[in-house]
Amino acid sequence: MKKKSMHEHLSYWFDCVMSKGTFARSIFLFLLTTAIVFVIGILGYFVSGEGSSLYQIWNSLMYTLDPGNLSGVPTDNISYLFLMFLATLSGLFLTSVLIGIITTGVEDKLSKLRKGTSIVQEENHTVIIGFDNNIYTILNELIEANSNKKNACVVILGEQNKDEMEDAISSHISKRGTTRIICRSGNLFEAYALKRCSVETCKSVIVNVSDDAETVKILLALSAYIKNRELTNKDLKFIVSLQNDQYIEAAKIAGEGNTEIIYAKDAIARIISNTCRQHGLSQVLTELFNFSGNELYFERVPELEGKTFKEATMSFANAMAVGLYVDGKAMLNPSMDTIIEINDEVILLELDDGIYKYHKPKVVDETKICNKPSIPAYENQHLIIFGSNDKLPIILAEYEKYVGAGTRIVIVDDELDEKELKKYKALEIVTCTESFSKELLFNLLDCKENNILLLSDDNQESEKADSKTLLKLILLRDIADQKKRRFTITTEMCNVSNQRLASPARVDDFVIGTNLISLLMTQISDNPKIAPLIDELLDESGSELYMKPVVNYVSLDVPIDSYTLTESAARKGEIYIGYRHNGKNKTNVILNPNKDEKIVFHEDDQIVVIAQN
């Protein structure tokens, strides 16, 4: 083996020094400068014969640092003049190198800052892992949720450059209120990237990726990261959404009990089945699931200790008591005679947390309360479905649980398994091979059905599927105007930008997609205790939201306050939370009205209740 030369050893040593960063380079330059000053100073001492060696070393340093001193060197000693000239040239070279090192070091530091590699020094912040088009919905909701907090923070971890993420956020979100948004770049599955976000000190983690396998990998990384670390929030939760149910069990195992899972396909299908059959329910769900209106909050109300839940429903003018949180379990619409203990929390529907105003239960006017059966109307449950996807079986199964026997469903699609459709015994399902045309739509809308559902085609690329759905929606709205008929149109869209294009024309219309899942994730990240309530509201087995005729509760055409409606609903084991006014040209859905405000109801009006059936 050939022995390496001294030049090769020195070159390798020099490369190693230079690769150690700005500090190491500066130290090397300092040592080199010291050596040059010392050597020239000692030589100057012997050449000049004047002063001490220290004096000449000082002179050498001055000529090295300040080239202007060279003009003062005696010209009668050529050797000394030459040495000081060398010191001056060395000083110019070393100064240039120093400036270059400092400039490079500053640029490297700025580059690292631009890349988002430093560790955030925050506590009680929200961490979002993954950056895509859903991020803007999540951020807008978090900004709204944090509006009553002085110094809120959201940290986003993405694989994109920090500059790229910040520019995209700035172009979509102009008002951030009291919320600071910090971006960090890195591999979503690596501990170093999670450390940059200070996961151990955060309030909650939202996993915002569309691939289920990646979601499970991120959960594994999070679980491994927080092991043996002291958490600021001992109840830290990872909120994820999954598209395929085969990953649910794996996600539970990977999350090690710290995960709140939203099964997106099931959630969207159940919301669709609810909004299709009840006009105006879409607005109720939208308000409950975002932070811009009334939301559900968990409040300790000491004044209610020893009182019944029914008394609690009558004890707030600006809030609606809808449930109790007892021993770590949330109960929606509990029995009206349930006694509230000192450690119990009351679940209130209110505009913001902590703004409720308690008072003693009020007495209502008994003469205005009706005792008719509380039954929702079924005459408008017939439905036309355009298109099909893997959510259709869930939608039909959920729909069948709520509607009356013989409800007619018309499904317009090219590829349908009619054998599968026969299992829905309570539904009268009619299929129609799709031949997309305005004439077909015109003929279909002559039927008695007045509920319409547009499903997105999962077999096509999302943008193409949305374009096709938008075209149908435009034609349907045009035909509805021509026929002067009111259709409730529920539209499923894939991309958030297209969901905004298809924004509802009327209060009964509803556009649904990934934005709704983002709203649910944000609600749960802000308060994980709300997760079982959302699940119960969307499930037929518990208490759900219903729009019921107001005539079954109170007298019509006379002023009625909401205390009277609350009392009437409570006697039926239901919780009144709002009402729907059906005017000729305008429909309004109001949640959590002031209970002292008097309202005149008419025959077509409805109230919104939480009930078992």
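The chain exposes about 29,300 Å², and carbon and sulfur atoms supply 54% of that. Accessible areas here come from the Shrake-Rupley method with a 1.4 Å probe, and for residues only the protein chains shown count as cover.

Keep in mind that this is a predicted model: local features need pLDDT of at least 70, side-chain atom pairs count only at pLDDT 80 or more, and totals for chains, interfaces and linings use all residues. Residues are numbered from 1 along each chain as its sequence is written, and side-chain values use heavy atoms, with hydrogens and water left out.

Now the overall picture. There are 20 helices and 22 strands in the chain. Both are DSSP runs numbered from the N terminus: helices are H or I, at least four residues, and strands are E, at least two. Of the 613 residues, 51% count as buried. Buried means under 20% relative accessible area, exposed means over 50%, and partly exposed is in between (1.4 Å probe, protein chains only). Take contacts between residues at least 6 apart in sequence: 73% join residues at least 24 apart. Contact means heavy atoms within 4.5 Å.

Next, the inside. The largest nonpolar core has 106 residues. Such a core is a set of buried Ala, Val, Leu, Ile, Met, Phe, Trp, Tyr and Cys residues joined through side-chain atoms within 4.5 Å. Ile156, Phe289, Val322, Leu545 and Ile577 have the most contacts inside the largest core. Helix H10, residues 264–277, gives the most to this core, with seven residues. Apart from it lies another core of 32 residues, including Val207 and Phe238.

What does Ile156 touch? Leaving out residues up to four places away in sequence, its partners include Ile128, Phe131, Cys183 and Arg184.

Gln278 is buried, because its relative accessible area is 5%. With residues up to four places away not counted, Gln278 touches Leu545, Tyr546 and Met547.

Now helix H18, residues 514–526. Ten of its 13 residues are buried, so H18 is largely enclosed by the rest of the structure. Leu516, Met521 and Ser525 are among them.

Last, the surface. Phe82, Phe85, Leu86, Leu89 and Leu92 form a nonpolar patch, with about 450 Å² of accessible area together. Leu92 lies in helix H4, residues 78–115. Why is Leu92 called partly exposed? Because its relative accessibility is 44%.

Methods. Patches are made of residues with over 30% relative accessible area and no salt bridge: like charges are joined within 9 Å, nonpolar side chains (Val, Leu, Ile, Met, Phe, Trp, Tyr) within 5 Å. A salt bridge is a side-chain nitrogen of Lys or Arg within 4 Å of a carboxyl oxygen of Asp or Glu.
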